[in-house]
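Subject: Structure handover

Hello,

Here is the structure I promised to pass on.

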Amino acid sequence: MFEERPVALRQRVKELATQASKSGRPSDWFETLYQESKGDTQQIPWAKLKPHPYLSEWLENRAIQGNGKTALVVGCGLGDDAEALSALGFTVTAFDVAPSAIAWCQQRFPDSTVTYQVADLFTLPEAWQRSFDLVVEIRNIQALPLSVRSEAIKAVATTVAPEGQLLLTTRIRMTDEVPDGPPWPLSESELSQFQQWGLADQQRDIFTVSEQPPVTQIRLVLHQQGNDRLSK
């Protein structure tokens, strides 16, 4: 989320996110941005119309096969990550807080087997608790202010089934100082909060993106209570 885009768009995103945070409804700005885009993907900073490369690389390197296992895509945007998992045999549920994003997914993939659903990260269906073999969270938590960070981490972590995995991709920061945002990169102490919900680090990959200043990102694979059920 928040890939390199024109300055005016980055400023608009920051304005919307700041307003939503001040209003106490930090997720509301996503729908506003989708509506303002009027179907132009160039106005959606994270829309690449293909799966995220960190997800694709992990799936390929680990030779992941779904074989009917369940997967949840958090903040699915325009649906490319969800479709990639579906193509590998996962039974995929993908949600976004923005109704316009879900409608866009359904328009792009009318014959999809993915269950696309409008849902708020902070009020997820109870049936999703500890229900998914694989949960994919790519740059959504970083788009939410620190005031709701712990709540967002809990919401994501508690969807992972026993012996399931969480694939997390996010910007990171080296200190606990409050960063300027959005996005608001995660600190090491924030990442460690996943352990409170039974998740343990399984794999860490650090990436540095050549922006000004350079952006440090992590792909973190965590597992819930033991065995890796996803390897081929």
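First, the ground rules. This is a predicted model, in which local features need pLDDT of at least 70 and side-chain atom pairs count only at pLDDT 80 or more, while totals for chains, interfaces and linings use all residues. Residues are numbered from 1 along each chain as its sequence is written, and side-chain values use heavy atoms, with hydrogens and water left out.

Salt bridges

A salt bridge here is a side-chain nitrogen of Lys or Arg within 4 Å of a carboxyl oxygen of Asp or Glu. The count comes to 11.

Start with Arg 219 and Glu 57. They form a salt bridge, with the closest N and O atoms 2.9 Å apart. The pair links distant parts of the chain: Arg 219 is in strand β7 (residues 215-224), Glu 57 is in helix α3 (residues 53-61), and 162 residues separate them. Helices (H or I, at least four residues) and strands (E, at least two) are DSSP runs, numbered from the N terminus. Arg 219 has 3% relative accessibility, so it counts as buried. Glu 57, at 34%, counts as partly exposed. The cut-offs are under 20% relative accessible area for buried, over 50% for exposed, and in between for partly exposed (1.4 Å probe, protein chains only).

Next, Glu 190 and Arg 173. Their closest N and O atoms are 2.9 Å apart in a salt bridge. Glu 190 lies in helix α7 (residues 188-191) and Arg 173 in the loop between β5 (160-171) and α7, so the pair ties together parts 17 residues apart in sequence. Both residues are buried.

Helix α7 has another bridge to look at. Glu 188 forms a salt bridge with Arg 204, at 2.8 Å between the closest N and O atoms. Glu 188 is in α7 and Arg 204 in strand β6 (residues 199-209), so this pair ties together parts 16 residues apart in sequence. Glu 188 counts as partly exposed at 44% relative accessibility. Arg 204 does too, at 36%.

There is also a network of salt bridges, which links Arg 12, Glu 15 and Glu 36.

Helix α6

Arg 149 sits in helix α6 (residues 149-157). Its relative accessibility is 1%, so Arg 149 counts as buried. Which residues does Arg 149 contact, leaving aside neighbours within four places in sequence? They are Ile 141, Gln 142, Leu 144, Arg 173, Trp 184, Pro 185, Leu 186 and Glu 190. Contact means heavy atoms within 4.5 Å. Arg 173 and Glu 190 are the salt-bridge partners from above.

Buried residues of α6 include Ala 152, Ile 153, Ala 155, Val 156 and Ala 157, along with Arg 149. What covers the buried residues of α6 includes β1, β4, β5, α7, β6 and β7.

Aromatic pairs

The whole structure holds 8 aromatic pairs. Rings of Phe, Tyr and Trp (its six-membered ring) pair if their centres lie within 6.5 Å; planes under 30 degrees apart are stacked, over 60 edge-to-face, and the rest tilted. Trp 29 and Phe 30 are stacked, 4.1 Å centre to centre with 25° between the planes. Both are buried. Trp 128 and Phe 132 are edge-to-face, 6.1 Å centre to centre with 80° between the planes. These two are buried as well. Ring pairs also link Trp 29, Phe 30, Tyr 34, Trp 46 and Trp 104 into a cluster.

Cavity and pocket

On a 1 Å grid over the protein atoms alone, a cavity is a set of points where a 1.4 Å probe fits but cannot get out; a pocket is an open set with protein on both sides within 12 Å along at least five of seven lines; lining residues have an atom within 4 Å of a point. Grid points are joined across faces, edges and corners, and a volume is the space filled by probe spheres set on the points.

The search finds 1 cavity of 30 Å³ or more. The largest cavity has about 170 Å³ of space. Of its 16 lining residues, Phe 30, Gly 75, Asp 96, Val 97 and Asn 140 are closest to the centre.

The second largest pocket has a volume of about 460 Å³. It has 26 lining residues, and the closest to its centre are Trp 46, Lys 50, His 52, Asp 81 and Ile 138.

Best wishes
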